[in-house]
Amino acid sequence: MESNHQWPTWEVFTQKKQGAPHEHAGSVHAPDGEIALLNARDVYSRRQEGVNIWVVPSDAIIASSPEDAGAFFDPANDKMYRSPNFFKTADGLKQI
Amino acid sequence: MMTDLNKALIDFCLRIADNSLIHAQRISEWTGHGPILEEDIAMSNVALDLIGQSRGFYTYAAQIEGDGKTEDFYAFRRGEREFRNKLMVEQPDNKDFGFTMMKLFLNGCFDYLMFRDLMKSTDETISGLAAKSIKEVTYHVRHAGDWVVRLGDGTEESHQRIQNSLNELWPYTNELFEQDSVDTLLISNGIAFDKEKFRDEWTKMVHEIFAKATLSVPENNTYSPTGGLKGIHSEHLGYLLAEMQYLPRTYPDAVW
């Protein structure tokens, strides 16, 4: 059987619990969105990893390129004041 | 001395458990051979769901029967005449993915309606097992139904092949609804329910998907393989059991 043509890929985002952000889990092959959703469920949530799944066609993702890294991210590294590091927080508070 | 009701309850559990186990064994033949990685994992998941269902019902049967019976005894130490699965699930898939999906769909729609009723069983173990199983079966029906539609409404070749699968499996669907004195006794005690009552609903359910899949439903003909309730099977079950039971039969002292 000839199988040199692949189905398109879909990026999978799973949500660990209600209210939490969807995080990238990986990708799946599927001929359409519904099958992509089912495949994502079977591949990425079979051990109760999530409560909700998004699938997005991989080619719908616009990514920054490695060459952009300098211009995109370096200007942030000397601006400590953008992080909430200088607030006094209550004892026992684990994360902000 | 065991009551007639308990005897019937054991038979009833074994019928459900055997059907799920043999179906699972067939589907698990795909493990490592699926058409794509994702579907390979999906089918293994489905097989594991079905094994889980059979374990639940075997364990309950063992508990009622006592006498040192275990779920492993039912699965691995009985011969083909003692298995009570329907003939449909033991049919070999011959590496035809569409055939596997069609079988999962036809049997899944039946299981869905059966478990939906059994959730109202007066027997709490049965209603609990049904409530757990119905979530799994709901997914099986959706997954298999989606594929039936896509293959039916796909290419000329996929349409023809899934239509052939339907033609081949359709005669086996009559047996799904067969009942006998075991069912009658349990129905009168509110433990089980009359399967004939959801037959129209089942027909509607499968016809809906076949319409979407542009498949034509075969006419009900007189050929209707049967025998599962009495342990009379097609020639395929013996080979399946030989493979499935090889290890515990050859090494009776083996432990998990």
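Guide: Start with what a contact is: two residues touch if their C-beta atoms, placed from the backbone, lie within 7 Å. Keep in mind that this is a predicted model.

Visitor: What secondary structure does chain B have?

Guide: Chain B has 11 helices and 0 strands.

Visitor: And which elements make up chain A?

Guide: Chain A has 2 helices and 3 strands. Along the sequence their order is β-β-α-β-α.

Visitor: What does the rule give for chain B?

Guide: For 256 residues, a compact globule would have a radius near 18 Å; chain B has 18 Å, which agrees. The C-alpha atoms of chain B fill a box of roughly 60 × 45 × 35 Å.

Visitor: What share of the residues counts as buried in chain A, and what share in chain B?

Guide: Count C-beta neighbours: 20 or more within 10 Å makes a residue buried. In chain A, 16% of the 96 residues pass. In chain B, 42% of the 256 residues do.

Visitor: Which contacts tell me about sequence range?

Guide: Take contacts between residues at least 6 apart, then ask how many join residues at least 24 apart. In chain A that share is 42%. In chain B it is 75%.

Visitor: How do I read a helix pair? At what angle do the axes of helix 6 and helix 7 of chain B cross?

Guide: Look at distance and angle together. The axes of helix 6 and helix 7 (residues 156-169) of chain B come within 7 Å and cross at roughly 125°. These two helices of chain B are therefore oblique to each other. B:V148, B:L151 and B:G152 of helix 6 meet B:S158, B:H159 and B:I162 of helix 7. That contact has 3 nonpolar, 3 polar and no charged residues.

Visitor: Now the strands. How many bridges join strand 1 to strand 2 of chain A?

Guide: There are 7 bridges between strand 1 (residues 9-15) and strand 2 (residues 22-29) of chain A, and the two run antiparallel. One pairing is A:W10 with A:V28 in strand 2. The two strands of chain A form a hairpin with 6 residues between them. In its turn, A:G19 has a positive phi of about 90°.

Visitor: Where is B:K95, and is it buried or exposed?

Guide: B:K95 is in the loop between helix 4 (87-90) and helix 5 (97-118) of chain B. With 11 C-beta neighbours inside 10 Å, B:K95 counts as exposed.

Visitor: What is phi at B:T214?

Guide: B:T214, not a glycine, has a positive phi of about 55°. B:T214 lies in the loop between helix 10 (199-212) and helix 11 (236-250) of chain B. With 13 other C-beta atoms within 10 Å, B:T214 is partly exposed.

Key. Residues are numbered from 1 along each chain as its sequence is written. Chains are lettered from A and ligands numbered from 1 in the order in which they are written. This is a predicted model: local features need pLDDT of at least 70, side-chain atom pairs count only at pLDDT 80 or more; totals for chains, interfaces and linings use all residues. Helices (H or I, at least four residues) and strands (E, at least two) are DSSP runs, numbered from the N terminus. The radius of gyration is taken over C-alpha atoms; the globule rule is 2.2 Å times the number of residues to the power 0.38. A residue is buried if 20 or more other C-beta atoms lie within 10 Å of its own, exposed if 12 or fewer, and partly exposed in between; C-beta atoms are placed from the backbone. Axes are lines fitted to C-alpha atoms, for helices over the stretch in contact, and angles run from 0 to 180 degrees between N-to-C directions. Angles under 35 degrees count as roughly parallel, over 145 as roughly antiparallel, 65 to 115 as roughly perpendicular and the rest as oblique. Ala, Val, Leu, Ile, Met, Phe, Trp, Tyr, Cys and Pro count as nonpolar, Asp, Glu, Lys and Arg as charged, and the others, Gly among them, as polar. Two strands pair if DSSP finds at least two bridges between them.
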